[in-house]
Amino acid sequence: MNFQNMDKALRKSRRALMVVGVSAVALVGSNVLMAAKMYSQSKQVVLVPTVVSDGMVARGSVDKGYVEALALDAVYAMYNSSPRTLHYGRGVLERLSGPAERAGILDTYDRIAKDITERKISTVFFPRKIEHNFASYEVVVEGDLATYLETTQVTREDRRILIRFKPQAGSVRLAAIGKISAEE
């Protein structure tokens, strides 16, 4: 090997080493910037409710677990909301509600959605207790409703929610959902 070939090979390897070094520094720098961004940011997580498909009422009896899941889905759709998840909640309530009651339930939801959008808040419901009255197709969910402005909790209040169902064509449909006072 002559000196010129060795010199070319040395320069080539130095350039390759320099490229690798600059790439490594750039990668470390980008990781440091991402870590700083994640450290300075706070996140708010809104839990998405489960998706319950249509259920059946067999020989006039109601499956307790199914109605309870429907009630929780309705509560989560109505009260676990942020400006970005409003379309999902509306879709769930539209799917769960009966045809005769759908317009009223969606009007109520749209009023709540408008308030959430205008005030740029999020609400999260934390259930504590579920009471059933299957004779009248009613479920009462008791829990806490928290309101957040970005990631700061603004309020937290006790809430009792009455969910009424109506048997329809072999299944049960949401007939009404709303807050009830502590005395009821």
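Arg128 is partly exposed, with a relative accessible area of 44%, where buried means under 20%, exposed over 50% and partly exposed in between, using a 1.4 Å probe and protein chains only. The model is predicted, so local features need pLDDT of at least 70 and side-chain atom pairs count only at pLDDT 80 or more, whereas totals for chains, interfaces and linings use all residues. Residues are numbered from 1 along each chain as its sequence is written, and side-chain values use heavy atoms, with hydrogens and water left out.

The side chain of Arg128 meets that of Asp158 in a salt bridge, a term that requires a side-chain nitrogen of Lys or Arg within 4 Å of a carboxyl oxygen of Asp or Glu. Because Arg128 lies in strand S1 and Asp158 in strand S3, this pair ties together parts that are 30 residues apart in sequence; helices (H or I, at least four residues) and strands (E, at least two) are DSSP runs, numbered from the N terminus. Asp158 counts as exposed, at 58% relative accessibility.

A salt bridge also joins Asp144 and Arg156, and since Asp144 belongs to strand S2 and Arg156 to strand S3, the parts tied together are twelve residues apart in sequence. Asp144 is buried at 13% relative accessible area, while Arg156 is partly exposed at 44%. These four residues are among those linked in a network of salt bridges, which also includes Lys129, Glu131, Glu142 and Arg160.

Lys166 forms a further salt bridge with Glu101, and this pair links distant parts of the chain, with Lys166 in strand S3 and Glu101 in the loop between helix H3 (86–96) and H4, 65 residues apart. Lys166 is partly exposed at 35%, and Glu101 is buried at 19%.

| Pair | N to O distance |
|---|---|
| Lys166 and Glu101 | 2.7 Å |
| Arg128 and Asp158 | 3.4 Å |
| Asp144 and Arg156 | 3.6 Å |

Of the 38 residues of helix H1, the number buried is zero, so H1 lies largely in the open.

The second largest pocket is lined by 13 residues, with Asp115, Arg119, Thr123, Leu145 and Thr147 nearest its centre. A pocket here is an open set of points on a 1 Å grid over the protein atoms alone, where a 1.4 Å probe fits, with protein on both sides within 12 Å along at least five of seven lines; lining residues have an atom within 4 Å of a point. H4 gives the most to this lining, with four residues.
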